[in-house]
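Here is a briefing on one surface patch and one loop. Please keep the model open while reading.

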Amino acid sequence: MRLRNKLSLFWLCFLSCAIITKLIFPQLTALASELTVPEENVNLITDNIIQINDDLPEVDKSTDETWEVEQHNSERQLPQDLKIANSSLPETENINEFSRISQIIPIEEFQVEPPQPTDIEIELEPEEDETPIPGEQEAKPETQPYTPKQQILIRQLRQSKNTRKIQQQIVLDALTFSANRYPLIVNPTDNFTFIPQLFNPNKDENYIDTDIRIRSYGDYQIINKFTYGEFLKPDQFYWVIDDNRIVIETKGSQAGIVAQGRETDTYITQDMTSEQGFWGLQSLFNIPTDFENLTGTVDTNDLSITSIAGQLINPEGIPAGRVIINSGVNTDTPNVTVLENTTSMLGSGSTLSSEGGDALFQYLDSINAPRILQGFPTNNLQPILDGGNVRLREGDIIPNSALEEAGILWGNILTGEGFDFTAPITSFPGVKIAQLGRFDNYDLLNVAVNPFLTQQEKDFHYLNSLQWVSLGKRDPQFETLSETQTTDNWKRLFVSYPHNRTILQYDPVEISATYSNLFSNPGLSITAKLTSGKIDVVQSVNSTIGLLLGGIFEYIEIDDINQGLEEARERFDNGAGFTPLNAPATPLQRRQINNRLNRTLAYSNTSSGLEQVSGTYTLPSKITPTNSSILQIRTGNHKRAVQFLGREVEILQEGDTFFSDLRLSNERFGPLTYIGNPIPLNSTSINPINESSALEVVLTSPQGEQFVQRFNSSDNTVVPISVRSADLAFDYIELARVDRIGTRFSNFNGYLSLPTVELLAAGSSGDFNYSANLGAWLNINADSAPGVANNNLGTKEPTLGLYTNILLNYIKTTVELDENNQPLALNTQIPFLRINLNSASNSNNPNATFLSYVYQRQGRNFGFSLAPGIALISENSNGNLLGIFNGEFSTSTGLSFKSNLEIGKEIFFQLQGLQRVSTNISLGAFIKNYSINNPGLSTRISGFNYGTIIRHSFPQNSVFLEAQIGTGDNGFDLQIQGGYRF
């Protein structure tokens, strides 16, 4: 119920008012961590091994909140991460207060004992004898209406209640002291909702972390992060029990809203013109008549004509003999005149004759019919004329049924699948007799020899007279008719229930301690578009799986932890106090053990690949003042940057296929022309056919004159003589269709929270520190992102991925002493190496290696740090190899300067100055040559930006709430980041 009552805090108006109130009134306990919310969340890579990624149009990783803002364990924050181990240690009395640049240094051996017990191992058992019973002194016997026995019972009851309250306050005080000094040991949260340094259980129950940005340029999301945690005081527990065991238990509930990315939806209505072409080829050549073969060796001048009469028909295949007619007419008598015998059917050998070309030379002897060389095979496209309903002219529409019959298939007009050309081959090239019944392609024969075709008839025959070769489908052409675009922001909303259980046991013999921990944070997560209430099921399931995995750790039975908590609860319920520690380790050694453990846990969080932890099991780990080693199994959500682009196309109106371009020779191709030439048959080597005939006509006049007209089929034959002997065709047919389509482009730039299991090892040996992990994440649908159902155009993502992160450094600290042998300054040198590798490396999630050297000097009145380095980042838009540098200078008066520089293809820099004007308030200014926009993914925009800084800080924990108000080449820019508690 209390959690639901707090949900009203999510409203932006309340949030803005709360933040401004916290800035203006420093006495309020609004805090923010420099660790989680850095001063420049979008600073350059040079900010203490800051991580750099690409600029958009891919992604600007140098401002990617995955590396700098959301994940408080960024490389840039490594020195501040190390502050966790020492941030609460008091200053040496001989060193004045100044900015704690080198708080990462383990200087506990140079610290004086604190004036009050603040260590986790210090006994906090109250002196029960001296504890007054509130209200007991005010009891007036003379006015008390109760009997003595009743008064005793009432006093005992009051004493019991007050003792319980005192015990609870002792628990909260002890837990608070431990959380302030060793926040990573107590750490009640998931390293995402708020930072451990905010935890203050003896005063506060509510914790908030937020990131708000308002700009006058570009696309942006106002609320990048707003998370809330509630940890009720009765649910927090701390106790010291037998065998030098300290048990800690924290419980709470958390909720939050986080920017996950931006969806851009574009819908375009277009006319799509699709075209396919066909190349037509054909050649016809006449084979000339060879008269030597036709006549043999006979001289044509010696030929004689013999008259015959009659008819003889033999069975087919048997040559008919000559028919002889004896009419009794003596042609030698003077009165007999034999008329000249003309050759019958001379036109049968001529193209321009109804008996020749029009009859396809069927009346010629096959042996002397024209011979034609066909150069190419033929394909039949006649069906596209749809039985005469379509004319071969541009613009005429061809029915789909006719196209299919012709073997022309468009297939899927959107994808091209099924596109084909299957028109059958109807004839092959070769030498052929141009005569009806002898030529294997009737249509080509007509085109070759028949001049009497109408144009429509010739078009029909023509489409089966060429070899038609498909030239394929051209790239479609688009004409945009309308375009609309909408953008929406996607948020991830989550609720979880963190439960942390810790046991730290000091060894009764050795100077060491054993640490073990169980952390569970099961919950639910929803990815939603708040403007419409739409939920992305895939990403909701992804992130929810990551949170639910933490529920496993709630039910893991670790005897040491569970039994220790049961014993502690029993002692608490019985009103007992803390059991005194009985270990050989001195308080200083115990403090060193705790600091080393705290720092090791800080490094483990720094190198972890989890954005939000849902569960952790730390195996029993041995810690000494000089060495540490922990092994953890973690679950949670891994954050990956993605750029998805999906395209969905629908046909709004199908188009008709038509002739869009015709370059044909159908009007000039063919016919070949011939002239029939008579030749005496007997003077040739031509074999007669199986039919012969003869005719003699005698005309007799009254005077006795006779005129004889004779005809004999064997007298002469007709041989066609070529006139137009060759023809070529190189033609082109183009078909087109115009379809109206609707195209939807769905783009998502943002982040995915993927369920992950991680194995992590961290530790230290002397000044050397290390942390390494191996993680495996799962994406239940790698092609889906909020607003994108199918990532068919964007950067591809795998279903399963692996990553490993390695962090190494060596912290060498020397103390500079004055003439009185008192600490004068601390000099620290830190070589640092970090390697980030993943199996699905791309421009959004690159492999990276960082190498840096940090030099720090902290004196009584001022301190400074210098950190040059190099970064090797794959697929980085500002260059794969970058030079980086940052520097910082601060004084004991509260004046500080910070500079960052990145050198790649371009140079980016930032300068910042702050002056403390009161205990908690600092004012300053900044200038940089870039700005940050966040259209789903952070992107860096070139251009000067400058403005003022207002910071409310809490020195004990180095946490702050900061507002940057800037302007410049890109316009107004307001950024408020930080956390607070109440």
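Helices (H or I, at least four residues) and strands (E, at least two) are DSSP runs, numbered from the N terminus. This is a predicted model: local features need pLDDT of at least 70, side-chain atom pairs count only at pLDDT 80 or more, and totals for chains, interfaces and linings use all residues. Residues are numbered from 1 along each chain as its sequence is written, and side-chain values use heavy atoms, with hydrogens and water left out.

**Nonpolar patch**
- W279, F285, I287, L373, V431, L471, L728 and F730 form a nonpolar surface patch of about 740 Å².
- Patch residues have over 30% relative accessible area and no salt bridge; like charges are joined within 9 Å, nonpolar side chains (Val, Leu, Ile, Met, Phe, Trp, Tyr) within 5 Å.
- Accessible areas follow the Shrake-Rupley method with a 1.4 Å probe; for residues, only the protein chains shown count as cover.
- A salt bridge puts a side-chain nitrogen of Lys or Arg within 4 Å of a carboxyl oxygen of Asp or Glu.
- β5 (253-287) and β28 (726-765) each give the patch at least two residues.
- The largest share, three residues, is from β5.
- V431 sits in strand β14 (residues 430-433).
- V431 counts as exposed because its relative accessibility is 55%.

**Loop between β3 and β4**
- D243 lies in the loop between β3 (237-241) and β4 (245-251).
- N244 lies in the loop between β3 and β4.
- D243, not a glycine, has a positive phi near 65°.
- N244 is not a glycine either, yet has a positive phi of about 60°.
- D243 is exposed at 53% relative accessible area, whereas N244 is buried at 5%.
- Buried means under 20% relative accessible area, exposed over 50%, partly exposed in between (1.4 Å probe, protein chains only).
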